[in-house]
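Please read it alongside the sequence and the coordinates.

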Amino acid sequence: MNSAATSRALPGRSQGADGMLSSHADGQDEKKDGQPESSSSSLTYGVLDVPPWYLCIFLGIQHFLTALGGIVAVPLILAKDLCLQNDPLTQSYLISTIFFVSGICTLLQVCLGVRLPILQGATFAFLAPTLAMLSLPDWKCPEWTFNASQVNTSSPEFTEEWQKRIRELQGAIMVASCVQMLVGFSGLIGFLMRFIGPLTIAPTISLVALPLFDPVSNDAGIHWGISAMTIFLIVLFSQYLKNITVPVPAYGGQKCHTSKFRLFQAFPVLLPLCISWFICFMLTVTNTLPTDPSAYGYLARTDTKGSVLSRAPWFRFPYPGQWGVPTVSVAGVFGIIAGVISSMLESVGDYYACARLVGAPPPPKHAINRGIGIEGLGCLLAGAWGSGNGTTSFSENIGALGITKVGSRMVIVAAGCVLLLMGMFGKIGAAFATIPTPVIGGMFLVMFGVITAVGISNLQYVDMNSSRNLFVFGFSMYCGLAVPNWVKKNPKMLQTGILQLDQVIQVLLTTGMFVGGLLGFVLDNTIPGSKEERGLVVWNQIQDASEETLKASEVYSLPWGVGTKICTSPFFQRLPFWPRRGPGGAARSPLPVCAPAASETRM
C-alpha cells in the first residue's frame with residue numbers, strides 16, 4: 001500500500017489546510033534513476049504526518065520506554081564514582097534531571113535542529129572520559145563512602161563529597177559542548193560530508209550496536225526465560241501480527257462505533273514491555289522468583305528497586321546550577337571533547353538512518369549542521385542542569401521507528417513532553433525505573449539487531465562485487481571490534497606520561513564506532529576507486545535531490561516559514577545552518593511544528 005492509499009485508509013491523519021501533506025503523499029513514491037525506492041510506502045505515518053493526539057501520547061510513551069534503559073543506566077553507572085552508591089535518593093534526582101534535560105533537547109532537535117523524529121537522551125560516549133576523570137587521585141571517593149553504616153546522606157560533609165565531583169563534571173561538559181556547537185553551526189560537519197560516503201556511514205552505524213552485545217547479553221542473561229518471552233512477544237507483534245486488525249471503540253459522525261486498528265504494528269514494544277513487566281510482578285508477588293540476592297533471576301523481581309520508589313518525591317523541578325557553581329579542569333575538558341567527537345560521528349550516521357526509516361530524503365548539509373549544533377546546545381544545557389552527562393541522538397529509538405512503522409515527528413514531540421513530565425514527577429519516573437533488567441535486555445537485543453541491519457543497508461549504494469569495497473568495509477568492521485577490545489585489556493600499553501593525552505587516546509580507541517568509522521573514512525578516501533564503485537555517484541545524487549525537492553524543504557526547513565518566507569536575505573542564506581530557498585529563488589512553504597488538526601479524528 002503506497003502512502004497516498006495509506007492516507008485514505010487512515011482518515012485520522014491530520015492534514016494542513018493547504019493540502020501540503022497530500023502533495024507530499026502523492027509524490028512520495030517518485031524516485032530518481034539509481035535511487036532506491038523510499039521505504040515510506042510501508043509506513044503507517046510518515047515524517048510529515050500527524051497522528052491523532054491519543055496515538056501520539058501512546059507512541060510517545062513507547063519511545064520513552066525504549067530509551068528508558070539507556071537513560072537510567074548512565075546515572076546508575078556513574079553513582080559509584082560520584083560516591084553515591086549508598087544514596088539511592090540522589091541517584092533518583094540525577095535520573096529525573098537527565099529525563100528533564102532529554103525532554104528539552106528532544107523538543108529543540110525536532111523543532112529547530114535536524115527536524116527528523118530523533119529522540120535525544122544520555123550518551124554513553126561521555127562515560128569513558130567521565131570515569132577516567134573521576135579515577136584521578138584527586139577525585140577518588142574516600143573509603144568511608146563505600147561503607148553504608150558510615151554514610152549519613154543528609155550530612156554537609158557527604159553532600160560536599162559528591163557535589164564537588166559533579167560540579168567538576170558539569171564544567172567539563174559545558175566547555176566541551178561549545179566545541180560541538182562551533183563544529184555544527186560553522187558548517188564544518190557539512191564540509192566533511194563531501195568525503196563521508198556509504199563506506200564510512202555503514203561501519204559507524206553498525207558498530208553503534210555490535211560492541212554492546214556483552215552488556216546487553218549480561219542484562220538478558222539475568223533471567224533468560226523473561227528475556228526470551230520479551231523477545232518472542234516483540235517479534236510476534238512486529239513481524240507476524242503486524243497486519244492483524246483489532247476492533248477498537250471509536251467516535252465519528254456524532255456516534256460511537258467500532259473501527260479496525262493495527263494494534264500490534266503500532267505498539268510492538270510497549271505491549272511486550274507491559275506484558276513482561278506484569279508477569280514479573282506476578283512472579284514477584286507469588287515469590288516464584290528467588291528472594292536471595294545472590295540467586296539466579298533475583299533481578300527479575302519488580303521489588304529490587306523499591307527503595308528508590310518509596311523515597312523519591314512526587315514533584316521535583318530540576319533547575320540549572322542545582323548542585324552549585326560548575327568548576328573546570330583541563331583534563332576533564334580534553335577527555336569530554338574526545339567523547340564529543342565520537343558522539344558527533346554517531347549522530348551523523350543516525351540522521352541518515354532515521355531519514356531512511358521514515359521515508360524522508362537524506363538530510364541536506366544545512367540540516368546536519370543545525371542538528372550537530374543543537375546537540376551541542378543540548379550538551380550545554382545538560383551540563384548546566386547537572387545531569388552528569390550530555391545528550392545525543394538515541395540509536396535505540398531509531399530502531400523502534402523501523403519496527404513500529406510510525407515515523408511522525410509529532411510522536412517524538414510527544415515523547416519529549418513525556419520526558420519533561422517524568423523529570424518533574426519524581427515518583428513516576430522512579431516507578432518506570434523499576435522495570436526488571438532482563439525485560440530491558442530482551443528489548444535491546446531486538447533493537448540493536450535492527451540498528452546493525454540499518455547500518456549495513458547503506459552498502460546498497462556501493463558495488464559490493466568490488467574487492468576494494470569488501471576490504472574497506474570488512475577491515476573497518478573487524479578493527480572496530482578488535483582494537484577497542486585490546487585497548488580495554490591493555491590500557492597501560494598506550495600511556496605517554498601526559499595524562500590528558502592518555503585520556504584522549506584511551507577514549508577514542510575504546511570507541512568501536514569511532515575506530516571503524518575513521519578507518520572507513522581514511523581507506524575510502526585514499527584507496528583508488530571510481531565514484532561509481534564507491535557509491536558516491538548515487539550518494540551525491542540523493543543529497544542533491546534532497547537539496548532541491550519540495551519534500552526535502554518541507555522536512556528540513558525551519559518552522560513558521562523562517563528562511564523561506566521570512567529572514568530570506570542574502571545574509572541569512574550564507575549561514576551554514578540556514579535552510580536554502582528552492583530552485584529559481586522560489587520560497588518553499590515548510591510544515592509547521594504543529595499542523596492544524598482535522599475536523600474529525602477517528603481510528
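Relative accessible area is sorted here into buried (under 20%), exposed (over 50%) and partly exposed (in between), computed with a 1.4 Å probe on protein chains only. This is a predicted model, in which local features need pLDDT of at least 70 and side-chain atom pairs count only at pLDDT 80 or more, while totals for chains, interfaces and linings use all residues. Residues are numbered from 1 along each chain as its sequence is written, and side-chain values use heavy atoms, with hydrogens and water left out.

**Aromatic pairs**

A pair of aromatic rings is described by the distance of the centres and the angle of the planes. Rings of Phe, Tyr and Trp (its six-membered ring) pair if their centres lie within 6.5 Å, and planes under 30 degrees apart count as stacked, over 60 as edge-to-face and the rest as tilted. The search of the whole structure finds ten aromatic pairs. In one of them, phenylalanine 315 and phenylalanine 425 have ring centres 5.7 Å apart and planes at 70°, so the pair is edge-to-face. Phenylalanine 315 sits in the loop between α13 (306-311) and α14, and phenylalanine 425 in the loop between α17 (409-424) and α18 (426-432), so this pair ties together parts that are 110 residues apart in sequence. Phenylalanine 315 is exposed, at a relative accessible area of 52%, whereas phenylalanine 425 is partly exposed, at 31%. Phenylalanine 577 and tryptophan 578 form another edge-to-face pair, 6.3 Å centre to centre with 70° between the planes, and tryptophan 578 is buried, with a relative accessible area of 10%. Ring pairs also link Phe100, Phe317 and Trp385 into a cluster.

**Helix packing**

Helices (H or I, at least four residues) and strands (E, at least two) are DSSP runs, numbered from the N terminus. Axes are lines fitted to C-alpha atoms, for helices over the stretch in contact, and angles run from 0 to 180 degrees between N-to-C directions.

| Helix | Helix | Angle | Axis distance |
|---|---|---|---|
| α14 (residues 330-357) | α15 (residues 365-385) | about 135° | 11 Å |
| α8 (residues 198-209) | α19 (residues 437-457) | about 170° | 7 Å |

Angles under 35 degrees count as roughly parallel, over 145 as roughly antiparallel, 65 to 115 as roughly perpendicular and the rest as oblique. Helices α8 and α19 are therefore roughly antiparallel to each other. Their contact, meaning heavy atoms within 4.5 Å, is made by Ala202, Ile205, Ser206 and Ala209 of α8 and by Phe448, Ile451, Thr452, Gly455 and Ile456 of α19. Helices α14 and α15, by contrast, are oblique to each other, and the residues in contact are Ser343, Met344, Ser347, Val348, Tyr351 and Tyr352 of α14 with Ile368, Gly371, Ile372 and Glu375 of α15.

**Two buried residues**

Leucine 419 lies in helix α17 and, at 0% relative accessibility, counts as buried. Leaving aside neighbours within four places in sequence, leucine 419 is in contact with residues including Phe64, Phe99, Phe100 and Leu119.

Arginine 165, in helix α6 (residues 156-185), also counts as buried, at 2% relative accessibility. With neighbours within four places in sequence left aside, arginine 165 is in contact with Asp81, Leu82, Cys83, Leu134, Trp139, Lys140, Cys141 and Pro142.
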